Amino acid sequence: MSFENLSTAQGDPTAHTSGNTATEKFKGESIKSDTSKERAGAIYTDLLAAIAEVAHKHQVTYDEYRVLKNWMIQVGEYGEWPLWLDVFVEHEIEKINYDRHHYTGTKGSIEGPYYVENAPELSWKCEMPMRDQDKAAQPLIFKGQVTDVDGKGLAGATIELWHADEEGFYSQFAPGIPEWNLRGTIVTNDNGEYEIKTLQPAPYQIPADGPTGWFIDSYGGHPWRPAHLHLKVKSPGYREITTQLYFQGGEWTENDVATAVKPELLLDPKNDPETGYNVVEYGFALDKED
Ligand code: MBD
Ligand code: FE
């Protein structure tokens, strides 16, 4: 078995470009944890025991061990650890940290590898920064209100929105796209409302021509995520939400490669025959900070 032999090299942007950009971005963030030595020891002991259990259960061969070692080296060289981890691991971490609390507000979902902070501020009623080719895609009006869990509107809350273009590319992670294309920080009005014009995103294929793609090919999987919007919603004194919204009945909502769809996060836009736009309302309810 060799992961590379199973590579199918499909389309751009190359895994190399987007992977290395995501890795460099991540390395620029502050990465630390106050984990004690005791806790670290307990986690590592159990982690190694879990690996040992799987290796014994499946009687892993030396060839398989060397393929794994080589693959891990390649994941690093392609800069794909942010991609692989966020696709295959982040949803469990998100669930653990959600379930630990008694939140009743809007559900979270994974952040994924393509968030960039400090996107330019936009008014409560706005159009996302887009190119002519993005404007030619199906327009989507995405509107609603940010409230507390009792329904009180939160003025001046921010909605950071980022999503892929009609070809499935994220600005700053694929070449040739303006820096803040389809990225913005929307500030709600006095009632906590927002109304954003953007484009209806398409199902998204994660970069499949690198080690994450070889990994998926090795077990006959698929590299698709359902069409999605990424969001971070913030208001002082309230729990910040990182989430994604998907589209009811859309392809891959039942078998997202990243396992990040929740029923509460499905939008059902209706086409307005007068404008030809898809229109949908969604309310974000923020829990109080604990
Ligand atoms: C994405 O756009 C994404 O949202 C995730 C979770 C992983 C890879 C690409
Ligand atoms: Fe995404």
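Okay, let's start with a charge on a ring: the charged end of R239 sits over the ring of Y103, 3.6 Å from its centre. By "over" I mean NZ of Lys or CZ of Arg within 6 Å of the ring centre and within 35 degrees of the ring normal. K262 does this too, lying over the face of Y98 at 5.3 Å from the ring centre.

Quick caveat: this is a predicted model, where local features need pLDDT of at least 70 and side-chain atom pairs count only at pLDDT 80 or more. Side-chain values use heavy atoms, with hydrogens and water left out, and residues are numbered from 1 along each chain as its sequence is written.

Now, rings on rings. Phe, Tyr and Trp (its six-membered ring) pair if their centres lie within 6.5 Å; planes under 30 degrees apart are stacked, over 60 edge-to-face, and the rest tilted. That gives 20 aromatic pairs.

Take F142 and F284: centres 6.4 Å apart, planes at 85°, so edge-to-face. F142 is in strand β3 (residues 139–148) and F284 in strand β13 (residues 278–286), so this pair ties together parts 142 residues apart in sequence. Strands here are DSSP runs of E, at least two residues, numbered from the N terminus. Both F142 and F284 are buried, meaning under 20% relative accessible area with a 1.4 Å probe, protein chains only.

Another edge-to-face pair is Y170 with Y204, 5.4 Å centre to centre and 75° between the planes. Y170 lies in the loop between β4 (158–162) and β5 (183–187), Y204 in strand β7 (residues 204–205), so they tie together parts 34 residues apart in sequence. Y170 is buried at 4% relative accessibility, and Y204 is buried at 6%.

Last one: W71, W81, W84, F88, F215 and Y219 form one aromatic cluster.

Notes
Chains lettered and ligands numbered in written order. Helix = DSSP H or I, 4+ residues; strand = E, 2+ residues; numbered from the N terminus. Buried < 20%, exposed > 50% of the residue type's maximum accessible area, 1.4 Å probe, protein only.
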